[in-house]
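This report describes a model of two protein chains.

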Amino acid sequence: MKKIISVFCLIFLFSAIGYCKIDLTTLPERDRVQLTIYNSADLTFVRESRTLTMKKGDNRLQFSWANTLIDPTSLELFPLKDADKITVTDLFFPPRITGLGVWNINSHISGKSPCEINYFTSGISWQAYYLATLSQDEKTMKLDGYVKVTNRSGEDYENAQVRLIVGKIHLLDEIAMLARRYPPYGRPIEVIPPDEQGRREQLFRAKAAVAGAADRVVVKQIEKEGLSEYFLYTIEGTETIPNNWTKRLLSFSQDKIPVVNFYKYEEERFGKSVIRFLSFKNDKAHNLGKEPIPDGLIKVFKIVDKDEHLSYIGQDNTKYIPVDEDVELNLGAVLDIKVEPKLIDYKTYNYNFNAPNRNISGWDEEKTYRITVSNYRNLPVKIEITRNFPHQYWTIENKGDFGEYRQIDIDTVRYTMEVPPNTTKQFTCKVVLRWGDRQH
Amino acid sequence: MKRILVLAAISGIILFSNTSHSRTKLVALPERADTVIRLDNPHFTLVEEERVLTLQKGTNQVDFSWAGVSIDSDSICIKILTHPKEVNIISVSYPPGENALVWQIYSPQAYEEKIRISYLLRSIDRLITYKAVADKNETNVNLQSFLVLRNFSGEDFSRAKILLDYGEIFEKSVAHEETKQMLFLTRQNVPIEKQLTFDARVLPWEPEKVQGNVGIPVTYTIVNDKKSGLGDCGLWGGKARIFQDDGHGSTIFLGEDNVAFTPVREKFSLYIGDSRDIVVTQRKIKDVMVNIRKNADNAVILYDTDEIMKIEIENFKDSPVNLTLIENIPGQWDMEETSHQYEKEDANTLKFKMDLPAKGKQTITYHYHRRNVR
């Protein structure tokens with residue numbers, strides 16, 4: 001489905017306004033094409049080089065893109081050679097024709113001239129996703145990172161250099177909207193265009209939901225580098241991505257990543273459940289740290305026996321992880337670790353009564369919790385218990401096996417402890433909350 | 001579709017006899033000579049066209065009609081150019097129910113008379129767009145500005161001068177319903193300042209509690225002055241797309257934002273995207289009431305507070321970063337102690353500007369009292 005067609009035609013200048021599409025001299029194929037695909041927006045930056053045959057004087061290049069998702073406001077043409085001799089004088093979108101633009105080019109030379117045509121398209125996307133396998137002792141993990149590129153742009157891209165951008169880009173308009181808009185820059189008084197393309201795209205989306213189409217693992221190198229606030233992945237060699245196809249490529253594979261299994265308990269965030277987390281750091285000590293890890297879905301498995309049979313633990317959408325940052329994967333609620341706070345003592349005292357009407361103006365509230373932490377697993381675990389208070393006027397007294405205690409901010413405290421396999425630990429915390437004028 | 005027509009006709013001498021004047025006695029249908037489409041007003045487009053009329057001695061009738069074209073009829077002016085002292089406009093009349101007007105022009109003798117008709121034309125306007133390509137170090141950009149003429153006025157123009165109040169002037173033909181994009185301004189090596197801004201009034205304080213990353217907005221700022229190679233005139237607002245040289249002969253697209261109209265000496269900022277390599281965690285670590293005043297009922301009526309804010313900033317990039325933190329303290333306040341200097345943007349807004357080294361970590365604390373809280 002080659003839908004982008006460049007027609008190069010020669011028209012003497014003063015014929016003006018009657019746009020004839022004849023006098024065809026060449027129909028140049030793409031020499032090279034580079035796709036830079038973004039994942040934070042439906043946007044791909046396409047750079048293609050084509051060799052045009054120029055005549056001395058005025059030339060016209062007609063570019064049409066019917067049934068593709070190209071943003072016409074992004075179209076750009078420039079000569080790669082002889083830039084001083086070839087001038088692109090304007091780009092116009094002729095009346096009452098959709099999906100067509102024409103460049104007027106003035107050339108002081110004749111013959112073949114390499115030119116670059118750039119534009120944005122929507123409909124090509126990429127996604128990072130990960131498969132993680134924990135070792136049997138859960139101390140290390142193997143992490144395979146993949147990228148999946150899907151082309152639903154309406155155009156086939158053959159032998160394209162594929163580059164993927166990780167980063168959060170700021171856009172004013174959706175490229176898909178710009179691609180559908182006619183006229184390309186809208187009208188002086190905005191008229192809403194017929195939404196035929198929109199329906200077409202919805203259809204694509206519906207298909208996208210079911211399609212896991214044509215996965216194929218190719219072991220290719222992916223070059224990685226930082227640019228501005230983005231990270232650029234350049235896939236080795238070229239790829240042909242026909243319309244409606246998906247390609248999966250291995251981005252990296254790393255074994256023996258030391259991981260920390262830990263669990264969090266915080267009623268205000270997770271309710272009464274204990275949530276399992278898996279943490280590691282994107283750094284050299286963890287055999288990583290060569291590049292940021294883009295956000296994507298991670299599925300975590302565990303090796304259960306000597307034959308390396310697997311068991312599925314859970315999945316999470318990872319954040320983008322810069323180099324040297326910690327990763328915390330939320331693997332969901334578990335039943336084999338329990339944290340049970342129980343209110344075992346309750347008192348109020350130190351009442352103040354204000355002078356004129358002897359109403360209560362302040363008091364202290366003392367709550368004693370016994371917190372039971374149980375590890376029913378055959379492995380040692382690390383548990384983080386976070387307690388939040390209604391305000392900053394409190395004092396605390398911890399007793400027993402509470403591990404490491406730390407105040408996080410004015411109304412949050414945290415206990416961190418290691419619990420050996422099949423062990424239960426207990427501690428008490430007595431919190432005195434001051435209310436009313438006891439706070440003064 | 002030429003819809004704007006000028007017909008010069010001999011109308012006889014009986015000036016007021018004809019309310020229903022026949023426009024049959026065609027003398028000339030003068031072609032447009034020079035046409036100017038002036039786009040310096042973003043909301044109204046002024047068209048000036050020059051035509052040569054063949055005037056007879058005596059009173060001539062010149063019809064100007066614009067069926068299917070949106071001309072603001074009150075804006076139409078005619079200017080006599082060749083013999084302005086001798087040739088006079090006697091009257092202007094508007095025939096009922098028509099997009100037309102009739103000039104009665106008196107000429108003392110037969111003249112080939114050049115006139116200029118000007119009017120405001122609707123449904124024709126322009127957009128300004130920008131393209132900026134930053135160098136790899138993000139210190140300057142090559143800036144291009146495009147004029148996009150959108151002609152949906154109903155009228156075709158051939159060889160019209162198309163101009164703004166600055167930049168290149170074009171002479172182009174533009175058809176009805178045609179959109180034309182022209183490069184009208186190019187400036188090389190325009191300095192930019194890259195800035196990251198954490199606005200504590202808007203962004204979440206604890207990124208660990210947020211699903212996904214907290215992006216810190218990144219902006220490029222350009223000053224419209226001579227030092228930037230600009231500063232000749234105010235820059236019109238429009239959509240800017242920012243690219244960056246990738247060092248391999250190609251570019252990547254960094255983002256897009258609207259340029260606001262920028263007068264000379266002023267600057268504009270382009271928000272290109274968010275950085276996820278800078279992590280800012282802000283926590284209040286102290287907040288107590290002090291200096292409490294009570295009324296006769298022992299109720300608190302006035303107090304001060306004692307508050308400490310702590311902000312941890314981590315740069316995970318291998319390059320230094322300019323970061324601005326915007327903090328807000330409501331009401332009346334006194335700063336007791338601060339780990340970093342700040343600028344007071346207004347009564348309640350503090351700006352901490354800092355250079356974060358590559359892979360650097362910094363902690364800002366500030367200790368303040370809010371005063372006379374009721």
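## Chain A overall

Of the 440 residues in chain A, 52% are buried, where buried means under 20% relative accessible area, exposed over 50% and partly exposed in between (1.4 Å probe, protein chains only). The chain holds 3 helices and 30 strands; helices (H or I, at least four residues) and strands (E, at least two) are DSSP runs, numbered from the N terminus. Among the contacts in chain A with a separation of 6 or more, 71% are between residues 24 or more positions apart, a contact being heavy atoms within 4.5 Å.

This is a predicted model, in which local features need pLDDT of at least 70 and side-chain atom pairs count only at pLDDT 80 or more, while totals for chains, interfaces and linings use all residues. Residues are numbered from 1 along each chain as its sequence is written, chains are lettered from A and ligands numbered from 1 in the order in which they are written, and side-chain values use heavy atoms, with hydrogens and water left out.

## Domains

Chain A is divided into domain 1 (5-121), domain 2 (124-133 + 146-170 + 197-255) and domain 3 (337-439); the bounds come from an automatic or database domain assignment.

Chain B is divided into domain 1 (4-121) and domain 2 (279-371). The centres of these two domains of chain B, taken over C-alpha atoms, are separated by 70 Å.

## A mixed sheet in chain A

In chain A, 6 strands form an open sheet with mixed pairing, in the order E23-E20-E19-E26-E29-E28; two strands pair if DSSP finds at least two bridges between them. Strand E23 (326-334) and strand E28 (404-409) of chain A are at the edges with a single partner strand each, so one side of each is left without a neighbour in the sheet. On average, neighbouring strands of this sheet are turned by 25° against each other, direction ignored; the axes are lines fitted to C-alpha atoms, for helices over the stretch in contact, and angles run from 0 to 180 degrees between N-to-C directions.

Strand E26 (residues 381-388) of chain A runs antiparallel to E29(A), to which 8 bridges join it. Bridge partners in E29(A) include A:Val413 for A:Arg387 and A:Arg414 for A:Thr386. Strand E19 (residues 260-265) of chain A runs parallel to E26(A), with 4 bridges between them, and A:Tyr265 has A:Ile385 in E26(A) as its bridge partner. E26(A) is mostly covered, with 6 of its 8 residues buried.

## A mixed sheet in chain B

Chain B also has an open sheet of 6 strands with mixed pairing, in the order E6-E9-E4-E3-E12-E13. Its edges are strand E6 (71-80) and strand E13 (170-174) of chain B, each with a single partner strand, so one side of each is left without a neighbour in the sheet. Neighbouring strands of this sheet are turned by 30° against each other on average, direction ignored.

Strand E3 (residues 32-38) and strand E4 (residues 45-55) of chain B run antiparallel and are joined by 5 bridges. B:Arg38 has B:Leu46 in E4(B) as its bridge partner.

## Nonpolar cores

A nonpolar core is a set of buried Ala, Val, Leu, Ile, Met, Phe, Trp, Tyr and Cys residues joined through side-chain atoms within 4.5 Å. The largest has 99 residues, of which B:Phe64, B:Ile313 and B:Leu325 touch the most other members. Not counting residues up to four places away in sequence, the residues that B:Phe64 touches include B:Ile4, B:Ile71, B:Leu101, B:Trp103 and B:Tyr119. Apart from this core lies another, of 57 residues, among them A:Phe63, A:Ile86, A:Tyr119 and A:Val300.

## Contact between the chains

The contact between the chains takes 81 residues from chain B and 73 residues from chain A. The area buried between them is about 6200 Å², and carbon and sulfur atoms give 49% of it. B:Gln181, B:Phe253 and B:Arg276 supply 11% of the area that chain B buries against chain A, more than any other three residues.

## Backbone details in chain A

The peptide bond between A:Tyr182 and A:Pro183 is cis, with omega about -5°. A:Pro183 is in the loop between helix H1 (175-180) and helix H2 (196-210) of chain A.

A:Asn350, although not a glycine, has a positive phi of about 55°. A:Asn350 is found in strand E24 (residues 337-353) of chain A and counts as partly exposed at 39% relative accessibility. A:Asn422, also not a glycine, has a positive phi of about 50° and lies in the loop between strand E29 (412-419) and strand E30 (423-436) of chain A.

Technical notes:
Buried area is the accessible area (1.4 Å probe) that two parts lose on being put together, summed over both.
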